[in-house]
Every structure is written in structure tokens, then in C-alpha cells.
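Here is a walk through one model, starting with charged pairs and moving on to helices and strands. Keep the viewer open as you read.

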Amino acid sequence: MSNAKPEELNKSYEFADVEEKWLKVWEEHNCFEATMDEGKPSFSIVIPPPNVTGVLHVGHALNNTMQDVLTRYHRMCGENTLWVPGTDHAGIATQNVVERQLATENKSRYDLGRDAFIDRVWEWRHEKGGTIINQLKKLGCSCDWSRERFTMDEGLSKAVREVFVRLYKEGLIYKGDYIVNWCPRCLTALADDEVDHEECHGKLYHLRYPFADGSGHVVVATTRPETMLGDTGVAVHPDDERYAHLAGVGIDLPLTGRKIPVVFDPHVQKDFGTGALKVTPSHDRDDYEIGRRHNLEMCKVMDDHGVMNKEAGNYAGLDRYACRKAIVEDLEQRGFLEKIEDYDHALGMCYRCNTVVEPTTSVQWFVAVRPLADKAVAAVREERINLHPKTWYNTFYNWMDNIRDWCISRQIWWGHRIPAWNCPACGELIVEATDPTQCPSCSSTELVQETDVLDTWFSSALWPFSTMGWPENSSDLKTFYPTSILVTSFDILFFWVARMMMMGIHFMDEVPFRDVYLHALVRDKHGKKMSKSTGNVIDPLEVMAQYGTDAMRFTLAAFAAQGREIKLDEERIEGYRFFINKIWNASRFALMHVSDGDDSIQNLADRPQELPLVHQWILSRTARTISEVRNGLDDYHFNEVASANYQFIWHEFCDWYLEWIKADLFSDDETAKNQARSVLLIVLETILKLIHPITPFVTEEIWSVLPGERNVLMLEPYPQRQDDWINETAEQDVNLLMGIITGIRNIRAEADVHPSLKIEAFVTGVDAPTAELINNFRAAISDMTRLSGLQIEPQTEKPADAATYIFNDIEIYVPLKGLIDVESELAKLVRERTKVEASLKQVTGKLSNKKFLENAPEAVVDKEKDKQREFDTRLARIAEAETRLHSIAS
């Protein structure tokens with residue numbers, strides 16, 4: 001595929017126009033569609049499906065930039081490449097969105113009824129659900145959009161039913177009464193990993209529980225005194241002699257008139273507190289296990305809304321927190337309150353609505369995960385699945401070793417309805433993939449389907465194989481399963497990644513992916529979590545509109561070091577926009593010298609040894625950069641890929657090579673000119689290919705105007721390693737020349753010598769071959785440093801009033817007498833130092849003020865700390881400059 005070529009690049013890079021253009025070209029020409037050519041290796045990746053309710057945030061931008069970098073790289077490597085896109089139906093989140101929409105109409109879902117409500121959610125999904133997909137396209141994601149999936153589309157719904165039924169018939173799904181995490185706001189059970197634990201400042205209440213025989217009391221402690229109404233026992237350790245006499249005596253439970261037993265259980269830590277534990281089996285997970293071991297009564301004292309029920313006696317009808325207040329007052333009045341202490345502890349919160357979760361007993365559906373988990377752990381231990389970075393292995397093993405059965409039922413309407421039916425006539429439970437028409441036991445046709453839906457993560461756990469056509473044995477599965485890598489955030493390692501391992505291995509008899517790359521969360525530049533309330537959120541869409549998508553993508557890649565927190569700074573994004581502009585401007589310069597139909601352009605890269613030194617050097621550096629970039633991509637070191645590209649393009653190609661060859665490009669020597677033009681084009685083409693996976697838009701636009709008929713860049717072959725280009729001698733020689741030029745330039749800059757003034761330089765401490773090398777480049781060195789003369793000597797005395805620069809064993813002297821007024825320059829520095837010290841004193845005073853630190857917004861305090869660091873740095877630079885000037889004067 002080729003495109004109409006623009007005649008030249010615009011003077012400035014108008015990223016908005018370029019991005020719109022290439023998104024359209026790529027889509028119109030189906031550039032992202034997967035190939036399935038026989039004999040080719042395959043690379044496949046499935047997108048972590050964003051919630052259908054979502055909009056692009058900076059975490060999405062990071063995650064999908066990484067995936068796109070890998071996808072574009074492997075596509076350019078000639079592999080059959082598939083990136084599967086899609087969205088998650090996000091049960092609780094989506095239902096909440098539509099319920100809020102109904103609330104504006106003074107309606108609830110119950111006013112509509114289940115079927116009409118579900119229709120309303122589908123309607124919302126068709127209208128609004130494509131937002132994040134369109135935003136991912138704008139980010140440049142090269143997914144195969146023809147294969148876009150949704151976790152409730154027809155194919156995935158079929159897969160979900162098939163998996164549920166098979167697991168049930170294998171005895172790995174069961175229904176039972178169990179302690180679950182319950183959200184009183186969302187009115188549904190939550191899996192353990194759907195509960196966020198937040199540290200909070202609470203109270204610890206010490207309560208006196210009287211012995212039933214009147215001989216005394218025991219003190220128990222709780223953070224939730226309202227749950228005492230559901231206590232059905234007090235547990236002590238069997239070896240705790242303090243309570244041995246209570247066997248058969250029991251406890252009079254305050255405020256209830258009930259007598260509860262004392263049970264002896266090794267779970268209790270006899271050295272913790274009083275060694276006695278109140279047991280509330282219906283409202284605490286650990287207590288539930290104690291209650292089961294000792295056959296204690298289950299007494300549930302709250303309803304699903306967190307309101308006390310009739311079992312709470314006089315407190316029935318009170319909200320749980322109002323009940324807590326009333327209970328504490330009554331206990332105190334009746335002498336049952338020993339004391340109240342401040343107590344910091346972790347509170348379980350609903351991951352969707354941030355409501356405090358209430359552990360409670362409920363009839364739910366569960367997956368017995370131990371057999372599935374064991375196979376997943378074995379796959380990781382046997383290195384059939386590799387985790388990156390390796391620091392996650394211990395966390396993974398620890399969590400999997402202590403995994404509990406997975407509660408998969410949710411008491412909402414939007415989602416995959418559990419394929420189970422009850423027969424009221426005979427009590428039969430029917431679980432089938434297709435809706436039954438009659439009871440297999442009694443033939444009754446009056447069947448009632450389970451009202452619960454499956455946990456959203458249940459369908460997501462099937463994502464790698466369900467999106468490729470399972471349970472059918474599709475060509476996609478044959479070509480692309482198992483997938484190559486999963487890229488995702490570390491915080492859903494157990495929500496999603498571990499469950500995909502379990503389901504993939506169980507149903508496909510093969511791991512779902514070979515590698516798992518777990519990236520960190522994106523924080524602000526100070527390492528703080530981004531939040532709207534703090535005001536430190538970086539919106540990727542706004543950043544892309546301001547600086548361009550390529551600058552955003554490159555910044556994210558540059559920050560993505562394995563195992564390291566990502567501290568995103570908008571100033572760095574702006575800085576990388578300058579880098580994108582640098583590539584653009586360097587390409588414009590190159591295009592002035594390489595043009596369509598120029599027969600003089602020849603490919604000399606196959607005989608680099610015949611080329612002049614600077615061309616040998618740039619080809620050698622190009623070869624090393626190719627290897628560095630490919631190694632980084634193969635090993636998922638995105639930051640190293642970005643760094644290698646940045647260093648080579650800016651500091652070697654732009655800063656040095658283009659400067660070296662300007663004389664040749666404008667020379668009358670046709671051989672020198674053609675050599676420079678040829679190598680320039682070779683290196684520029686290589687650069688565009690190397691960096692394209694990170695910065696697809698600017699590279700595609702530049703590529704399109706290079707000489708000759710061209711396919712789109714994203715379908716060009718990725719640069720192969722070029723070991724025959726590597727020339728260590730050329731690199732050493734040019735590094736020496738660059739060191740000398742840098743030294744002279746540094747002296748000019750530090751001494752503030754006016755650019756129009758020419759200076760003289762002395763290079764000493766060189767042997768004969770080095771002197772010859774420098775002499776051969778005398779003209780280039782003089783032009784690049786504005787020299788009036790260059791003396792090259794094995795040894796020489798340091799001239800008076802000369803500044804010195806040392807590079808390796810070479811000393812460079814530049815006499816400054818008459819070029820600068822040392823006393824005047826020192827006076828300027830004194831004035832500047834006085835000003836900076838005054839500013840530093842002001843900032844330090846603020847940061848020493850306790851009231852300022854306590855009352856000022858966090859962002860304001862951080863800004864003052866930044867100022868303090870900046871002033872300290874400026875003072876250090878002033879001191880260095882003063883030292884240099886004193887050395888000149890001495």
C-alpha cells in the first residue's frame with residue numbers, strides 16, 4: 001500500500017492534523033488486521049478490557065501504550081500479530097450509572113422491572129459504551145478493531161455458560177451459606193479482592209461480659225460494638241488457665257437477656273488483650289469459622305441495607321452506626337463499658353462505591369478454587385508463565401497458597417445471569433448451558449431461574465480464549481492461543497491475572513499467556529496517588545491535545561521502568577514534545593538534501609569500511625542502538641528502549657552527525673556529498689523504524705515524504721541487527737574528537753564568551769596518532785567551536801589567564817585574557833547569589849512554619865519544596881562559577 005506523497009514537511013509539526021490523517025489512513029487500509037500466514041511465528045495479546053463505563057485515564061494510557069509498542073514491534077518483525085480489543089460489561093459500575101440516570105427521572109430499576117431495566121442498560125451501552133474505544137483509537141492503539149469483543153456479547157455469553165456448567169458438573173461450583181463481604185450500598189456480595197482496605201482512625205471498645213454464675217466478668221474488645229447483639233459465644237484458648245473454670249458456665253450477654261457459651265478454641269491468641277474473643281459468626285469471617293467448629297448459633301442482626309433487624313431487639317430499625325452510638329451509651333449506663341481507646345485499623349471498603357463493607361452470612365454461589373489454583377501455581381513454578389518484574393513471584397505464591405473459595409454470585413441485574421433453575425414442584429436444581437423447558441425429575445414446566453448474576457471477573461477470567469471463539473476450535477485459537485504476553489497493572493494480579501491462569505489451564509489445557517508484565521500505578525511527580533480531590537490528576541486526553549499523542553506515549557515509555565513507581569511530571573511531557581519537534585526538524589533538514597529521483601543517492605552501508613570516519617561512526621552507533629532497542633523490546637524494558645532512542649537521535653544523530661556532515665552536504669566535492677546524503681538517508685530511515693512503535697504518528701508522516709515509493713511505515717520490516725557496521729576504532733576516534741569539541745564549548749559557555757568572538761585553543765598530552773587524528777579534523781573542530789587557532793602539542797605550558805578542561809589524559813587550554821572581565825563577572829554572581837539567598841530564606845521560613853505545613857494544601861507545600869530544591873541547585877551552580885572565575889584570575 002502506498003499513499004499520495006506530500007511534497008515536503010511543514011515548517012512546524014502540527015500534530016493534531018497529522019494524527020487525524022494517519023488514524024484515517026490506517027483504518028481505511030485495514031493496517032491493524034491480524035495476518036494468519038502459514039509458517040510465520042505468531043504474536044498475540046489481549047487488551048485488559050476497560051469498563052464500558054470508563055473514560056481514558058493515565059493508567060489506561062500507560063497500559064495501552066506498552067501494548068501498542070509491543071504489537072507494532074512484532075508486526076514490523078513480520079509475525080502474525082493480533083491485538084484483541086474489547087470492553088468489560090462492569091456489572092456493578094454500569095448498573096449504578098443507569099440507576100443514577102433513572103433517579104433523575106424519579107424512577108428506580110424496580111419501577112421498570114428486570115427485563116425492561118436490562119434493555120435500558122443495553123440502550124445506554126449502545127449510546128455511550130464506545131467512548132473509551134474511540135479514545136484508545138486516538139491514542140494510536142493498533143488493535144484489530146474488526147475483532148472487538150464485549151464480555152456480554154453472544155459469543156462470550158455462550159462461553160460463560162459453558163464454563164459455569166462444566167465447573168458445576170465437575171463439583172467445582174457449589175451453592176452454600178457462607179460468610180461474605182456485603183456492600184450495603186450496592187446490595188451485593190463482593191469477592192475478597194473486591195474489597196479495598198484503608199487505614200482509618202477508629203475506636204476500640206472494651207466490654208465487660210458477666211459470667212453466668214455471677215462470679216465475675218471477662219473483658220472483650222471490638223471495633224464494632226453493634227455486632228455484640230449477634231454474639232453467640234465467647235472463645236478462649238484451651239490452655240488459658242484463667243478461663244478453665246468457665247466450661248459449662250457461660251456468659252450473660254449484656255443488653256439481650258441471652259446466655260451464650262464459652263468455647264475453647266486454639267485460634268484464640270491467649271497473649272493478645274485479655275485472651276477472650278467475642279464470637280459473632282454471622283458478622284465476622286474468623287468468628288464464622290469458630291462458630292462452625294463449635295456448632296454455635298448463627299444470629300444475623302443486620303439486614304442487607306446495614307440496618308438492624310428484629311434479631312437486634314430494641315435496636316431494630318437503627319442504622320448500624322446509629323446503633324453503635326446507642327449501644328455504647330447503654331453499655332456505659334449499665335456498667336458494661338470498661339474503656340474506649342483510639343485505634344488505627346484497616347477498614348474494608350467496597351471497591352466500587354467506597355462504602356464500608358459488612359461481613360455477613362448469605363446463600364451464594366462459589367468456585368472451589370484450590371484444584372484450579374494448584375495448576376496455576378505449578379505453571380508459574382515450571383516457568384510456563386513468567387512474571388515481570390520477578391519481585392512479584394513471592395507475592396503471587398503467598399496469595400495463591402492462602403486462596404479462599406471465590407464467591408461468584410452478585411445480587412444485581414446487569415450481568416451474566418446464573419444458568420441455574422429451581423423446580424418448586426420437587427426442589428430439583430437444574431444447571432444447564434441451554435434454558436431447560438421442564439424439570440428432568442418431575443417434568444414440571446414451572447421452573448424459576450436463579451436471580452443472581454455472575455461476578456464480572458468470572459467472564460473476564462475467560463478473556464484470552466473466549467475472545468478467540470472458544471468453545472469452538474477456531475482458527476484464531478489455533479494460531480494465537482496461548483497469547484504471548486499480558487500487560488496489566490499489578491493491582492489486578494489476583495482480581496484477574498491469577499483467575500485467567502486458572503481458567504485457561506483448566507479449559508484449554510494450556511497457559512493463557514507466556515509472560516505477564518505487571519506495571520506500577522501512575523502517580524504524580526511527588527509519588528502521590530492522583531485524585532480529583534487533591535487536584536493532581538493528569539488527564540491524558542488534555543495532555544495529548546496540548547503536547548501531541550507521540551509526546552505523551554514517549555513520556556510514558558520513558559518512565560516505565562520495571563518494578564519502579566511511575567512519577568509522572570507534565571513538564572517532562574513538554575520536554576519530550578521538544579524531542580518530537582527535534583526529530584521533525586532534523587528530518588526537514590535531511591529532506592533538503594535527499595529528494596525523489598536523485599540518482600546520486602547510493603546505498604553504501606554494505607561497505608562501511610570505505611566511508612570516511614564520521615560515517616563509519618554513525619553507522620556503528622546505529623548498529624549498537626538497533627541492538628539496544630531490540631533487546632529492550634524483547635525483554636520488556638520500555639524505559640531502556642525510550643532512552644536508547646532518545647540518546648542516539650538527539651545527542652548523536654542531531655547534535656553531532658548532522659553538524660559533522662553539513663560541510664560535505666554543501667560541498668562541491670560530489671563524492672563527499674553523495675556519501676553524506678546516502679548515509680544520512682540510511683540512518684534516518686533506521687531511526688524512523690526504530691522509534692515508530694513508541695511514536696507512530698510523527699514517524700509515519702516523515703516516512704511518507706522520504707524519497708521513493710513507500711508502503712506505510714507500520715508495515716515496514718523492523719531494523720535487523722547490523723553487527724558488520726560496528727567499528728570500535730571509529731567510535732573511539734570520534735568520541736575523542738567530540739570530547740575535545742565539548743571541552744572547548746564548555747569553556748566558552750562557562751566563561752560566558754560572546755558567540756561572535758573567536759578564541760584560541762591548546763590541546764596537549766596527545767601522542768602522534770592522536771595528534772594526526774585531531775589535525776585531520778582541525779577545520780571541523782575550528783568551525784564547531786569558533787576558533788581562531790588550534791595548537792596541538794605533546795606537552796605545553798598552560799598559558800596565562802587560561803581556562804582548563806581535562807578529557808581522559810588530554811588537557812585543553814583556552815586563554816581568556818581580554819575576552820572576559822573577571823571582576824565584572826564575579827560582581828554579577830555576587831548580586832545573583834544575594835537574590836537567590838533571599839528567596840531561599842523566604843521559602844525555608846515557610847517550610848519551617850508548623851501552621852503553614854498543617855493548613856496549606858498538600859500541592860502548595862509540594863510547590864514550596866520544589867522551589868527550595870531549585871534555589872539550592874542555583875546556589876551550588878553560582879559557587880561553581882565563582883570557583884572557575886577565581887581560578888582564571890589566579
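Glutamate 652 and arginine 621 form a salt bridge, with their closest N and O atoms 2.8 Å apart. (A salt bridge here is a side-chain nitrogen of Lys or Arg within 4 Å of a carboxyl oxygen of Asp or Glu.) This is a predicted model, in which local features need pLDDT of at least 70 and side-chain atom pairs count only at pLDDT 80 or more, while totals for chains, interfaces and linings use all residues. Residues are numbered from 1 along each chain as its sequence is written, and side-chain values use heavy atoms, with hydrogens and water left out.

Back to that pair: glutamate 652 sits in helix H20 and arginine 621 in helix H19 (residues 613-634), so the bridge ties together parts that are 31 residues apart in sequence. Helices (H or I, at least four residues) and strands (E, at least two) are DSSP runs, numbered from the N terminus. Are glutamate 652 and arginine 621 buried or exposed? Both are buried, where buried means under 20% relative accessible area, exposed over 50% and partly exposed in between, using a 1.4 Å probe and protein chains only.

Arginine 624 makes a salt bridge with glutamate 728, at 3.9 Å from N to O. That pair links distant parts of the chain, arginine 624 being in helix H19 and glutamate 728 in helix H23 (residues 728-750), 104 residues apart. Arginine 624 is partly exposed, at 25% relative accessible area, and glutamate 728 is exposed, at 52%.

Arginine 710 and glutamate 685 meet in another salt bridge, 2.6 Å from N to O. Arginine 710 lies in the loop between H22 and H23 and glutamate 685 in helix H21, so this pair ties together parts that are 25 residues apart in sequence. Arginine 710 counts as buried, with 15% relative accessibility. Salt bridges that share partners also join Arg621, Arg624, Glu652, Glu728 and Glu731 into one network. How many salt bridges does the structure hold? There are 46.

Now for two helices, side by side. The expected span in the table is 1.5 Å times one less than the number of residues.

| Helix | Number of residues | End-to-end C-alpha distance | Expected span |
|---|---|---|---|
| H18 (570-591) | 22 residues | 32 Å | 32 Å |

At the start of H9, a side-chain oxygen of aspartate 319 comes to within 2.9 Å of the backbone nitrogen of tyrosine 321. The buried residues in H9 are Arg320, Cys323, Ala326, Ile327, Val328, Asp330 and Leu331. Their cover includes strands E7 (195-210), E14 (337-350) and E15 (358-367). After the helix comes glycine 335, with a positive phi near 80 degrees.

At the start of H18, a side-chain oxygen of aspartate 569 reaches to within 3.0 Å of the backbone nitrogen of glutamate 571. Buried residues of H18 include Ile573, Tyr576, Phe579 and Trp584. Among the elements covering the buried part are helices H16 (540-547), H17 (549-559), H20 (638-665) and H21 (670-691).

On to the strands. Strand E24 (residues 513-519) is mostly covered, with six of its seven residues buried. Two strands pair if DSSP finds at least two bridges between them. E16 runs parallel to E24, joined by three bridges, and strand E23 (residues 483-489) also runs parallel to E24, with six bridges.

Proline 389 is found in the loop between strand E16 (386-388) and helix H11 (393-401). Proline 389 is buried, at 8% relative accessible area. Leaving out residues up to four places away in sequence, proline 389 touches Leu518, Gln562 and Gly563; contact means heavy atoms within 4.5 Å. The C-alpha atoms of proline 389 and tyrosine 636 are 9.5 Å apart, though 247 residues separate the two along the chain.

Finally, there is an open sheet of three strands in the order E20-E19-E21, paired antiparallel. Its edge strands are E20 (429-431) and E21 (448-449), each pairing on one side only. Strand E19 (residues 420-422) pairs with E20 over three bridges in the antiparallel sense, and tryptophan 421 stands opposite isoleucine 430 in E20.

Methods:
A polar contact is a pair of N or O atoms within 3.5 Å; within protein, one must be able to donate a hydrogen and the other to accept it, and residues adjacent in sequence count only if both atoms are side-chain atoms.
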